[in-house]
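Here are my notes on this model, point by point. Please read them with the structure open.

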Amino acid sequence: MKYVKLTDRLLKIASLVDNGKRIADIGTDHGYIPVYLLNQNKIQYAILGDVNKGPLENARKEVTRNKLQDKVDLRLGSGIEVLKENEVDEIIIAGMGGMLINNLLKANEKVAHTTEKLILQPMQAPEELRMFLYQNGYKILDEHLVREEHRLYEIIVCKYEGLEPQEIDPIYYEIGLKLIENNDPLLNDFIENKIRINQNVLKKLEGKEGQGIEDKRATLNKKIDALNDLLNK
């Protein structure tokens, strides 16, 4: 049996799956997370979905190499549209942009709304994903940061609870409230990095004029102040 070795990001995602569950890994690529979890006897069964044939074929080879064919179903298709209601308990959607994750959840609300838990790991636009969750009835259960090489990744664990749309301070779309509540070990590094990014954008505006530039400068300064306030709490 060939045990897969997960990267820190994938290992953290895998650790958030509950024992004994049926899972779906959407955008599975090589199928590393479900193969790892099945080899650890942590889950019962997995559906591996991908929109592209190549990655799904890679996943098929990984499943076959690990002799897990009887515990896996591979499906070609877009997002959670490959799933029916109550087929799985938990869904992983990792390695995609936040806006794309939003669209995948909207494309099959029956499944998204009846799943026990969603483990989401956006590569870009995490603030857009949080905004969508807060405004579309989801409850954010937990959040984590993980460092892999030189990058910090955000992982959001949530569930649909039919909540009323929630308007929160925009800074908490950027820095998840659960990260603050949990005092995540990487939180200060994460906030400091956000401040640097916004300061670099501000620097690029030096010497430029116009109402649009002034508005952008004011927005950036306000965001930097809010991030510094979080850092100093």
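1. Keep in mind that the model is predicted.

2. Now the helix itself. α3 covers residues 53-65, which is 13 residues.

3. Which residues of α3 are buried? They are Pro55, Leu56, Ala59, Glu62 and Val63. Seen down the axis of α3, these buried residues fall within an arc of 115°, so they line one face of the helix. The background is simple. An α-helix has 3.6 residues a turn, so residues three or four places apart point the same way.

4. What covers the buried residues of α3? The cover includes α2 (32-39), β2 (43-50) and β3 (72-76).

5. Two of those covering elements, β2 and β3, are also joined to each other. They run parallel, with 5 bridges between them. Aspartate 50 stands opposite leucine 76 in β3. From β2 the chain passes through α3 to reach β3, and this β-α-β crossover is right-handed.

6. Threonine 28 deserves a look. It sits in the loop between β1 (21-26) and α2. Is threonine 28 buried or exposed? Its relative accessibility is 6%, and buried means under 20%, so threonine 28 counts as buried.

7. What does threonine 28 touch, neighbours within four places in sequence aside? Its contacts are Pro34, Leu48, Gly49, Asp50, Leu56 and Ala59. Leu56 and Ala59 are also among the buried residues of α3. Asp50 is the residue that stands opposite leucine 76.

8. One distance for threonine 28. Its C-alpha atom and that of glycine 176 are separated by 25 Å.

9. On to helix α4, residues 98-107. Its buried residues are Gly98, Ile101, Asn102, Leu104 and Leu105. They cover an arc of only 165° around the axis, which puts them on the same side of α4. They pack against β1, β4 (90-96), α5 (109-114), β5 (117-122), α6 (126-135) and β6 (138-148).

10. Last, the domains. The domain assignment gives domain 1 as 8-166 and domain 2 as 188-232. Their C-alpha centres lie 33 Å apart.

Key
Residues are numbered from 1 along each chain as its sequence is written. This is a predicted model: local features need pLDDT of at least 70, side-chain atom pairs count only at pLDDT 80 or more; totals for chains, interfaces and linings use all residues. Side-chain values use heavy atoms; hydrogens and water are left out. Helices (H or I, at least four residues) and strands (E, at least two) are DSSP runs, numbered from the N terminus. The expected span of a helix is 1.5 Å times one less than its number of residues. Buried means under 20% relative accessible area, exposed over 50%, partly exposed in between (1.4 Å probe, protein chains only). The arc is that of the directions from the helix axis to the C-beta atoms. Contact means heavy atoms within 4.5 Å. Two strands pair if DSSP finds at least two bridges between them. A crossover is right-handed if, with the strands pointing away from the viewer, the path from the first strand over the helix to the second runs clockwise. Domain bounds come from an automatic or database domain assignment.
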